[in-house]
Amino acid sequence: MVLYRGVQSQLSVDMALRSERINVDVIRILLADDHALVRQGTRELLDQQEDLKVVAEACDGKEAVQLALKERPDVVIIDFAMPRLNGIEATRQIKSVAPNIAVLVLTAYDSEQYVFAFLEAGAAGYLLKDVSVDELIKAVRAVHAGESVLHPAITRKVISRFARPGDKQAPGNNMDQITERELEVLRLAARGMSNRDIASELEISMRTVQTHLSNVFNKMGVGSRTEAVMCGLRKGLITLEDTA
């Protein structure tokens, strides 16, 4: 009887763990890089995470666009230099049709002109290929949560560039419906604060922060925190002082 109870208890634990694994929200990822070895290594690293799954791979920019529209991943990890279509143009095409897909750049190119071009195209994050595995995993989760991933040294330069008068207007057309609370969350996001930090600052839950940001994204017609901050700067909803 004692043995039976022990087996029954272990089965209950196993079932609970199995149920917990099943209930994990999985982030679906598309890898776009013209080097098969890079894709394979990145895939193996990401697939080891319970909440991450690579659902497709593209070896050039055109295929990346096609697979993004077919598979509708949550996150696209993309390089710049690829055949047929470079990463910037591929990002632009993906975001124009599927703005809710978060694009994370993973490249060897660190020139500011590429950073600016990718962000203008709608990328939510920009990493160099020398990042650690942990940094990449955190970045994937961050852009999926609507956060931005930018190197701290270039963040203010990027914001200043996008805030200059004469920049093209963002596509959103419901910004007059943004509430004061949503604007407050956006301003804290513009400072580079994480969802957790914003929740602590405003004494609200992380889920509420995510809801406010999601509402902002929908009203602005954007798909990431980075785009929302850029759009807010262009429209005068936030200022450079809000990003300090």
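Phenylalanine 118 has a relative accessibility of 0% and therefore counts as buried, a term that stands for under 20% relative accessible area, with exposed meaning over 50% and partly exposed lying in between (1.4 Å probe, protein chains only). The model is a predicted one, in which local features need pLDDT of at least 70 and side-chain atom pairs count only at pLDDT 80 or more, while totals for chains, interfaces and linings use all residues. Residues are numbered from 1 along each chain as its sequence is written, and side-chain values use heavy atoms, leaving out hydrogens and water.

Across the whole structure, a search finds five aromatic pairs, where rings of Phe, Tyr and Trp (its six-membered ring) pair if their centres lie within 6.5 Å, and planes under 30 degrees apart count as stacked, over 60 as edge-to-face and the rest as tilted. One of them joins phenylalanine 80 and tyrosine 109 edge-to-face, at 5.2 Å centre to centre and with 75 degrees between the planes. Phenylalanine 80 is buried, at a relative accessible area of 13%, whereas tyrosine 109 is partly exposed, at 34%.

Phenylalanine 80 also pairs with phenylalanine 118: the ring centres are 6.4 Å apart and the planes stand at 80 degrees, so this pair too is edge-to-face. Taken together, ring pairs link Phe80, Tyr109, Tyr114, Phe118 and Tyr126 into a cluster.
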